[in-house]
Amino acid sequence: MIKEFIQYEQALAVKKLGFDENCFGYYKSQGKELVFIKIKNSIISNWEDSFMEFSQCSVPTYQQVFRWFREKNNLYHFLSPERNNSRISASIRKKIITDVSKYEFWCIIEYVRAKKSSPYNTFETHEEAEFECLKKMIEYCKRDFKRDVV
């Protein structure tokens, strides 16, 4: 179940970008320990809650973060099986809707490349591809969005 949650560094980064949804757990000791809420019907709303210590940060799931990127930034991650489903390619795309025509189109922001040497820069696992996509989406949101104006 732990692999469902994003890593500490990315949790801090998305919080700084404005992610403030409820989470079922948090990191403490500056990311060294992942703690899940045991109290019924209790969730941590964000990392600035008064009961959280400075070294704690609520931790969203990959699903929560990718939904947040879609809803708030029109950013999507695309994963595609390659070469008989043995490898996975990944890209980050933005849905753009023009004001005049109300047409929407997809702009490929970046092809996400595997760090280690691999055929066609693809990934071995779905989890590895998602992790790299998340890092690229965070990087993109930190940049200036003015270039995306249509």
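Is Y76 buried or exposed, and at what relative accessibility? Y76 counts as buried, because its relative accessibility is 18% and the cut-off for buried is under 20%. Keep in mind as you look around that this is a predicted model.

**The overall layout**

The protein has three helices and six strands. Starting at the N terminus, the elements follow the order α-β-β-β-α-β-β-β-α. Of the 150 residues in the protein, 40% are buried. The accessible surface is about 9,700 Å², and carbon and sulfur atoms contribute 49% of this surface. Among contacts with a separation of 6 or more, 54% are between residues 24 or more positions apart.

Strands β4, β5 and β6 make an open sheet in the order β4-β5-β6, and the pairing is antiparallel. Because β4 and β6 are the edge strands, each with a single partner, one side of each has no neighbour in the sheet. On average, neighbouring strands here are turned by 35 degrees against each other, ignoring direction. Eight bridges hold the antiparallel pairing of β5 (residues 87-97) with β6, and in this pairing A90 sits opposite V112 of β6.

Helix α2 packs on this sheet and touches β4 and β5, with its direction at about 130 degrees to that of β4. Helix α3 (residues 126-142) lies across β4, β5 and β6, and runs at about 150 degrees to β4.

Between β6 and α3 there is a loop, and T122 is part of it. With a relative accessibility of 5%, T122 counts as buried. Leaving aside residues up to four places away in sequence, T122 touches E82, R87, I88, S89 and A114.

**Aromatic rings**

How many aromatic pairs are there? The count is seven. One of them joins Y62 and F66: the ring centres are 6.1 Å apart and the planes meet at 35 degrees, so this pair is tilted. Y62 and F66 are about one helical turn apart, because they are four residues apart in helix α2 (residues 62-73). In general, an α-helix has 3.6 residues a turn, so residues three or four places apart point the same way. Both Y62 and F66 are buried.

Y76, where we began, pairs with W106. The table sets these two pairs side by side.

| Pair | Centre to centre | Angle between planes | Geometry |
|---|---|---|---|
| Y62 and F66 | 6.1 Å | 35 degrees | tilted |
| Y76 and W106 | 4.7 Å | 80 degrees | edge-to-face |

Why does the pair of Y76 and W106 tie together parts that are 30 residues apart in sequence? The reason is that Y76 belongs to strand β4 (residues 75-82), while W106 belongs to strand β6 (residues 104-112). W106 has a relative accessibility of 41%, so it counts as partly exposed, whereas Y76 is buried at 18%.

Two further ring features are worth a look. F19, W68 and F69 come together as one aromatic cluster. R93 lies over the face of F78, at 4.4 Å from the ring centre.

Strand β1 (residues 25-28) and strand β2 (residues 33-36) run antiparallel and are joined by four bridges. Here G25 stands opposite F36 of β2. The two strands, β1 and β2, form a hairpin with four residues between them, and S29 in the turn has a positive phi of about 55 degrees.

Helix α1 (residues 8-16) has the buried residues Y8, Q10, A11, A13, V14 and K15. Their cover includes β1, β3 (57-58), α2 and α3. Just past α1 comes G18, with a positive phi of about 115 degrees.

Where is N74? N74 is in the loop between α2 and β4. Its phi is near 55 degrees, a positive value in a residue other than glycine. In general, most residues other than glycine have a negative phi. N74 counts as partly exposed, because its relative accessibility is 31%.

Note on methods:
Residues numbered from 1 in each chain as written. Predicted model: local features only at pLDDT ≥ 70, side-chain atom pairs only at ≥ 80, totals over all residues. Heavy atoms only, no water. Phe/Tyr/Trp six-rings, centres within 6.5 Å; stacked < 30°, edge-to-face > 60°. Buried < 20%, exposed > 50% of the residue type's maximum accessible area, 1.4 Å probe, protein only. Lys NZ or Arg CZ within 6 Å of the ring centre and 35° of its normal. Pairing = 2+ DSSP bridges. Contact = heavy atoms within 4.5 Å. Areas by Shrake-Rupley, 256 points an atom, 1.4 Å probe, with all protein chains shown as cover. Axes fitted to C-alpha atoms, helices over the stretch in contact; angles between N-to-C directions.
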